[in-house]
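Reader: I would like to go through the terms used for this model and see what each one rests on. Please set the values against the cut-offs.

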Amino acid sequence: MQTPASDTQAAADAFSHGVERRLARYRALARLFTTLGALILVALAAVAITASVAPRIMGLQSYAIISGSMEPAYPTGSLVYAEPVGGADLAPGDVAAFWRDQDVIVHRVEVVDTNRAELVTKGDANEDLDVRPVPYANVLGRVTFHIPYVGYFLMALASTPGKLLLGWIVLMAAAFCAIGSVLSGLSTRKA
């Protein structure tokens, strides 16, 4: 036969066990939200550092490929990095970044005309040479490497909707971290 004290103890044990299960769920959710928020922020920071900051520290400039003229070597949406060199430093076969009519163009050098101080260029996917030669003064640099698809991301960020989306992603990541912190605080309370 159970006594009232043992009934009270059993009820208290059941209540305590239920509270511990809820607190364990809070701790698991806190870890999940905090980890998810931190991973999003780290991924954004990694893309920003890889795409923009690190190359500039190394003296490189980045340009997004927005057309298919250099495929398959540099697919549309790639981000190419160019080291600053003058037109006289380029040779046939090099890929040059240069100004033409307010746009940056990335094409392969076909001919270096030192007498006229200009380059004849061509897109790899184009059948014909570019109609207009490139004066040495318009050369921005020699392309050294590229990262596929990152150019799409950076082009999107240049637009107002892209900036709003990035802001929303950062706010969501911060909210995940804040929710994780609140749940962690709740899970440490004693009943």
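Reader: Which residues make the nonpolar surface patch?

Author: Tyr 26, Leu 29, Leu 32, Val 182 and Leu 186 make the patch, with an area of about 420 Å². The elements that give two or more residues to the patch are α1 (4–57) and α3 (160–187), and α1 gives the most, with 3 residues. This is a predicted model, in which local features need pLDDT of at least 70 and side-chain atom pairs count only at pLDDT 80 or more, while totals for chains, interfaces and linings use all residues. Residues are numbered from 1 along each chain as its sequence is written, and side-chain values use heavy atoms, with hydrogens and water left out.

Reader: What makes a set of residues a patch?

Author: Each residue must have over 30% relative accessible area and no salt bridge; nonpolar side chains (Val, Leu, Ile, Met, Phe, Trp, Tyr) are joined within 5 Å, and like charges within 9 Å. A salt bridge here is a side-chain nitrogen of Lys or Arg within 4 Å of a carboxyl oxygen of Asp or Glu. Areas come from the Shrake-Rupley method with a 1.4 Å probe, and for residues only the protein chains shown count as cover.

Reader: Why is Leu 32 called exposed?

Author: Exposed means over 50% relative accessible area, buried under 20%, and partly exposed in between (1.4 Å probe, protein chains only). Leu 32, in helix α1, has 53% relative accessibility and therefore counts as exposed.

Reader: What makes Gln 102 stand out in its backbone, and where is Gln 102 found?

Author: Gln 102 has a positive phi of about 70° although it is not a glycine, and is found in the loop between β3 (95–100) and β4. Most residues other than glycine have a negative phi. With a relative accessible area of 73%, Gln 102 is therefore called exposed.

Reader: Is Tyr 149 buried or exposed?

Author: Tyr 149 has a relative accessible area of 61%, so Tyr 149 is exposed. Tyr 149 also has a positive phi of about 70° without being a glycine, and lies in the loop between β7 (139–147) and α2 (150–157). Helices (H or I, at least four residues) and strands (E, at least two) are DSSP runs, numbered from the N terminus.

Reader: Which residues does the cis peptide bond join?

Author: The cis bond joins Glu 71 and Pro 72, with omega at about 5°. Pro 72 is found in the loop between β1 and β2 (79–83). Most peptide bonds are trans.
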